Amino acid sequence: MEFFLQVFVSGLLTGLMYSLVAIGFVLIYKASGVFNFAQGSMVLAAALTFVSFHEMGLGFAVSIVLTLVVMVLLGILVERVALRHLVNASLITLFMATVGLASIVEGLAQFVWGGEVHGLDLGIPDDALAIMGSFTVSTFDLFAAGIAAVLVTGLALFFNKTRTGLYLRSIADSPVAALSVGVPMSRMLAVVWATAGIVALVAGMLWGARLGVQFTLSVVALKALPVFVLGGFTSITGAIIGGLLIGAVQNLGEIYIGSIIGWGLQNWIPYAFALLVLLIRPSGLFGEKTVVRV
Amino acid sequence: MIEANEPVTALLAVNNIEVVYDSVILAVKGVSLTVPERGIVALLGANGAGKSSTLKAISRIITTERGEITKGHITFQGQDITNESPFHLVRGGLIQVLEGRFVFPHLTVEENLLVPAYVRKVARSQVRQELERIYAYFPRLKERRTSQAGYTSGGEQQMVAIGRALMARPALILLDEPSMGLAPQIVEEIFEIVQDLNRKEAVSFLVAEQNTAVALRYADFGSILERGRVVMSGNAAELSANEEVKEAYLGMSGKGPMSFRETKRYHLRKRQFAYRLA
Amino acid sequence: MLYREIGQYKTSYAADQQVFSIRQDRLIIAVLLLAAVFLIPFIANDYWLVAILIPSLSLALAALGLNILTGYCGQLSLGTAAFMSIGGFATYNLVMRIPEIPFPISMLLAGVIAGLAGVLVGLPSLRIKGFYLVVSTLAAHFFVQWLFDAVTWFKRNNPQGEIKPPPFKIFDFVFNTPVSQYLLVLGFVIVLTILAKNLMRSTTGRRMMAVRDMEVAANVMGIPIGRTKLLAFAISSFYCGLAGSLYVYCYLQLLDTKTYSLELAFATMFMVVVGGLGTIMGAFIGAAFIFLLPIWMNTTFGKYGIDPSQIQNISKMIFGALVIFLLIVEPNGLARLWMRAKDKLRKWPFPY
Amino acid sequence: MKGLSGRKVFGGWKTIGLCVALAVMMLSSAVFADVNLKMPKGKSFTDHNNVNLKRIIYTPLASYRVGPYAAGGTGYYGGEIDLFKWINLKYGGINGVPIVWDECETEWDTPRGVECYERYKNKGPYGATANDPLSVGIAYALQEKTQKDKIPSITPNHGNTASQDGRIFPYQFPLEITPYDEANIMVKYAGQKLGGMDKLKGKKIAVLYHGSAYGRETINFHNAMAKQYGYQIQQIEVAHPGNEQMAIWLNVKRWNPDFVFLRGWGVMVPVAIKTAAKVGYPISKLIGNIWSNSEADVIPAGAAAKGYVCINTQAPGRNWPLIQTLWKDLYEGRLTGGKNEGNMADKDKVGSVYYNLGVVAGIFHVEAMRVAMAKFGNDIPLNGQYKRYGLENLNFTDEKLKEYGVLGMMQNVYTSCKDHTGGHRGKFTQWDGKQFKTITDKWIEADEDQIWGLIHERSEKYAKENGITPRNCNNPKDVLYDLADVKK
């Protein structure tokens, strides 16, 4: 039982790490109806930029600020150069455009900072913190959970309480209508991409501390995808709950199913689980039901 | 409503614009029209005549549909707005209500109304007042203000769309096909409100409409579009009285129902008419 | 201008429904086909056959399959690589385990198996719509990868990680030279393309398009939505399965789950979207574009002595930028661009 | 004031223009590929500086310096190129014939590797002299093609394990050690630590392998060894790419094995090290394999990696005479007029694990050609056939190693018609937080008697399935193979 609990809790904490990336997806989807596949590459770019600044001898805070500036600029640039011209394009066109974007961001990040592997130490110990006997939790995971909580609260307030938040929700609902009532589309999209860049930096630093800052960071997006879908695309709460669920299911599945039918199934378990949930709730746990009026 | 002896100044002037989609499809072939200060102008015509394209060209929504204005220019309150962004148009007092009632389905009715108010940068203390102003015209919206707009009825959605446009305090509203898919009674109700707004708030309207009879009843002026060209325009009363308009758009002929042959000849005549004009 | 349709009158329904209704089009296609079959084998060298033509033709076939599902029936799928791997592994197992079946039949059977798997993966599409469906196909992708890696039965309990598949053969003729492999792939591609073109013009194809354009309306019209979707999944996966076998048996000569990576699924999706959703030609234009562009950039920049790693980064950026640029200029893909150019030529000298 | 209206829709004639531009691009690529890449054999070769060279040793390198495995490729090909460059600068090449190379980025992706091979295999006066992809997948995919094109495939520490059997795979060279050797040496080291192989009885060993064909290569062999030495074994697959291992490590901790072997690659290794720390499993019980042994594997793991032990086939560090010479001649500019002309963009990585492996691989290239030229004369066509002979007759005695300046860094390698691996030895290194220190003085040798049986089983099965008659290594004609008819 204690082992089960250990597996379960560590899964929940792992899941929150995916939520951090999934929140980036949610942000952009919520505001522009685009599934931004490039979020993973943005995580990589943010982490790589931060580490490179840091390794140049700049202080921790200075590096964070500089990276923030870079990510915000990147967000604005993305909107200017690409997204602005794709308003009203079909879902799949937009999706593929972001896959193209991922290629650009990956290329750019490696072009500027090189493909070497960097270590990143945030100064938070990532070893076992015994809580009860052999039941352990890592300090780092608790810290990450705290960050996620802060992030979610901040974003929820931003979306529901500010004018910009309302704009963003209106654009997500119907870009043409938003345009027709004069919502400053380009500025809003730039804001949201910049915000996604900031979220990418947070995710990039935490993931970078965990895996090392290297190319594989961009792959984390694939694990965040089922979280995003399970949560229902537009809900930040959904992304958190989805992350917790996926993390737990993945851990339990690997241990209790993996030991029977063969290890290494954590790549498909999250997707299979998300699929199961979708069969019951076709628009995710917290997804808005699409209103179809004919 | 414009009084008969009042001097008419042009609020919006569209000068000979040509609209091309996808750089090969010519949808509007040289349309000119004028909306006078505090006037209601009806843009009439059949499906595909180019009404919506004209409106979208004015409000610049056309750019999202791969269309562009290749010729002509548009002035609003004396300024050239041919290449203005929708954002600046709305702030300048020109707003469009899209065909098919594009509300924000997942926002509440009230949130729908709030979006343009924010565009106009209404102070927080004023917002409530502004909302009440709209609710006064659309009491039904007040009842439903916390429900998701996507779940309201067609008529209510049209009201949300018009009310939302009104929140921007516009000088001119481009109203695209307000009657679409609505019961005749609701259509009348909507047009009543339009007239009311025009009188009380001095808002001008450019209404694209297939329902010619209703539109002409409420409008001051009318233009009839066919295949991307204006084939006839003038005073609403004159248009309603015109025999050809009666025949073609109001389904009335002086001589009772038309035979098939007569209809055919009529269409031929109309085409020649259109060519003469062009 | 030579490209005129003036003077080409249609006097029968058959003429009106021709695949290529303009004489010039027919001529161009005929010349291309003849050149592909009779000229290229003689003038192309190993590099062009092995490294360019065979893989891009196989991938075009996969793109064609995906286009049937996504372009014609509107169901988003990232499972292409999974269906390809099912084709590849099924061929291997059929050939090695039941040697009595002739090789080509095994390959077709493998396609059928992939098609059945497609139906299975497509089942959730009856309930899940739009982007949510990607989860179903991604689940299939990762599951299939794991399955072929973890269950050694599929590799005939081979202790070796990677498998060398036997070469394709018909009776005693072994396809192990680049020219023979090229012609084999080309043959498959031509036959399957003609089939696809006609299928999409048939009732089945039109039903798929109806489902794509508006499911509710199609339903009201009495089109069996579920059956149409599943059929699209089956046909698409059949094509992908065959493409997957050809890719391995005529090109890579290495059977490994790593070959059928998610990147491959994305690449085929790129081919379809950049080439043109819902057009047969788009699959080919897209495949050529997506496959050749990186190679072309690589070789071109390589000439100027730029650091090779930076060449790769630069080409990545250019590739992404070009794709986005194309999607902005023509969201309907290169095929549409081509058609617009043709329209322009036909109307010349008039602008519209 | 542009806003959304700034959008520009392309006019019709621009569309045609774009179509034409695309077509021109495609066509020009065709023309380009034909003129520049497919330089037929037998013609003289013009290098980047337009110097016309009649005789060169052409070695295309299918390298990778971007993507998930960039760290490995950057170091390996950096070391190799530095060595080639140095030989050219110092001696004008091998026996005066310059080495010329082209790099072709593969991103460790098999189809790209195949394209690169086809692109360069016929370049230069005698064609490519070797295929050196540092990727099992590419090596496998090209196995038959290299055989047919008579271009030897050099795959140090990886490649097809069975191709160690030179009788059946004349053109494949999995030099130094194979995965079987590696697994065997790791078990031997574990036994050594316990104080004797007999002490392994009843102990528990877990193997975490990468979820790929590469990772699965040693499953059967590990099971066989467990049976032989009487220890319990649990082999656990880590899903690719291996960035999430919490569940696995909780399971490992519960089972509490005496050793955990990592057969890792890429991000899997640092995550394994970190997760072990996270669940409180001691690092001292981890042993990394040959592809889990580099700086790129431990640096991302940070402090958790301190004390991590892994196998190595060449000692890392800069304190070996050859590495010192390369550093001084190329990076400090002793041979290059004061300019830094080393290949490594990050100078600190000179002397790293992958760099030194690259230098060793370069030595194999160079020595193979030397052996062939010594045997057949300096005026032979410098092609793959002759290089193959050289690779099959490597004789790295201590004197030879000393001559190269790598005694102590590189192991003795003796290849033959029978044995294309030739080394079968490993040392163990430990990460002290800053660098790898060698902790075993002597090379630990793999149990060849035990391994050969398995190798033969696999290679002979391959021979049977593909209708290959194994060479008879006692027949001089068979030993010469392709060169048997050359009169010299």
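This is a predicted model: local features need pLDDT of at least 70, side-chain atom pairs count only at pLDDT 80 or more; totals for chains, interfaces and linings use all residues.
Residues are numbered from 1 along each chain as its sequence is written, chains are lettered from A and ligands numbered from 1 in the order in which they are written, and side-chain values use heavy atoms, with hydrogens and water left out.

**View 1. A salt bridge between two helices of chain B.** The side chains of B:Glu201 and B:Arg133 meet in a salt bridge with an N to O distance of 2.6 Å. B:Glu201 belongs to helix H7 (residues 184–201) and B:Arg133 to helix H4 (residues 124–137) of chain B, so the pair ties together parts that are 68 residues apart in sequence; helices (H or I, at least four residues) and strands (E, at least two) are DSSP runs, numbered from the N terminus. B:Glu201 counts as partly exposed because its relative accessibility is 27%, whereas B:Arg133, at 14%, counts as buried; buried means under 20% relative accessible area, exposed over 50%, and partly exposed in between, with a 1.4 Å probe and protein chains only.

**View 2. Two buried salt bridges in chain D.** The side chains of D:Asp102 and D:Lys123 form a salt bridge (2.6 Å, N to O). This pair links distant parts of the chain, with D:Asp102 in strand E4 (residues 99–103) and D:Lys123 in the loop between helix H3 (110–120) and helix H4 (136–141) of chain D, 21 residues apart. D:Asp102 is buried, with a relative accessible area of 8%, and D:Lys123 counts as buried at 11% relative accessibility. In the second pair, the side chains of D:Arg458 and D:Glu217 meet at 2.7 Å, N to O. D:Arg458 lies in helix H16 (residues 448–466) and D:Glu217 in the loop between helix H7 (213–216) and helix H8 (219–229) of chain D, so the pair ties together parts that are 241 residues apart in sequence. D:Arg458 counts as buried at 8% relative accessibility, as does D:Glu217 at 2%.

**View 3. Strand E3 of chain B between two parallel partners.** Strand E3 (residues 40–45) of chain B is mostly covered, six of its six residues being buried. B:Ile40, B:Ala42 and B:Leu44 are buried on one side, and B:Val41, B:Leu43 and B:Gly45 are buried on the other, so that both faces are covered. E3(B) pairs in the parallel sense over five bridges with strand E8 (residues 204–209) of chain B, where B:Val207 is the bridge partner of B:Ala42; two strands pair if DSSP finds at least two bridges between them. E3(B) also pairs in the parallel sense over five bridges with strand E9 (residues 221–226) of chain B, and there the bridge partner of B:Leu44 is B:Ile224.

**View 4. An open antiparallel sheet in chain B.** Four strands of chain B form an open sheet in the order E2-E1-E4-E5, with antiparallel pairing. Strand E2 (25–36) and strand E5 (79–80) stand at the edges, each with a single partner strand, so one side of each is left without a neighbour in the sheet. Strand E4 (residues 67–76) of chain B is joined to E5(B) by two bridges, the two strands running antiparallel, and in E5(B) the bridge partner of B:Phe76 is B:Gln79.

**View 5. The surroundings of D:Thr336.** D:Thr336 is found in the loop between helix H12 (321–331) and helix H13 (353–376) of chain D, and counts as buried at 11% relative accessibility. A polar atom of the side chain of D:Thr336 lies 2.5 Å from the backbone oxygen of D:Lys339. Leaving aside its neighbours within four places in sequence, D:Thr336 is in contact with D:Leu89, D:Asp329, D:Leu330 and D:Glu341, contact meaning heavy atoms within 4.5 Å.

Note on methods. A polar contact is a pair of N or O atoms within 3.5 Å; within protein, one must be able to donate a hydrogen and the other to accept it, and residues adjacent in sequence count only if both atoms are side-chain atoms. A salt bridge is a side-chain nitrogen of Lys or Arg within 4 Å of a carboxyl oxygen of Asp or Glu.
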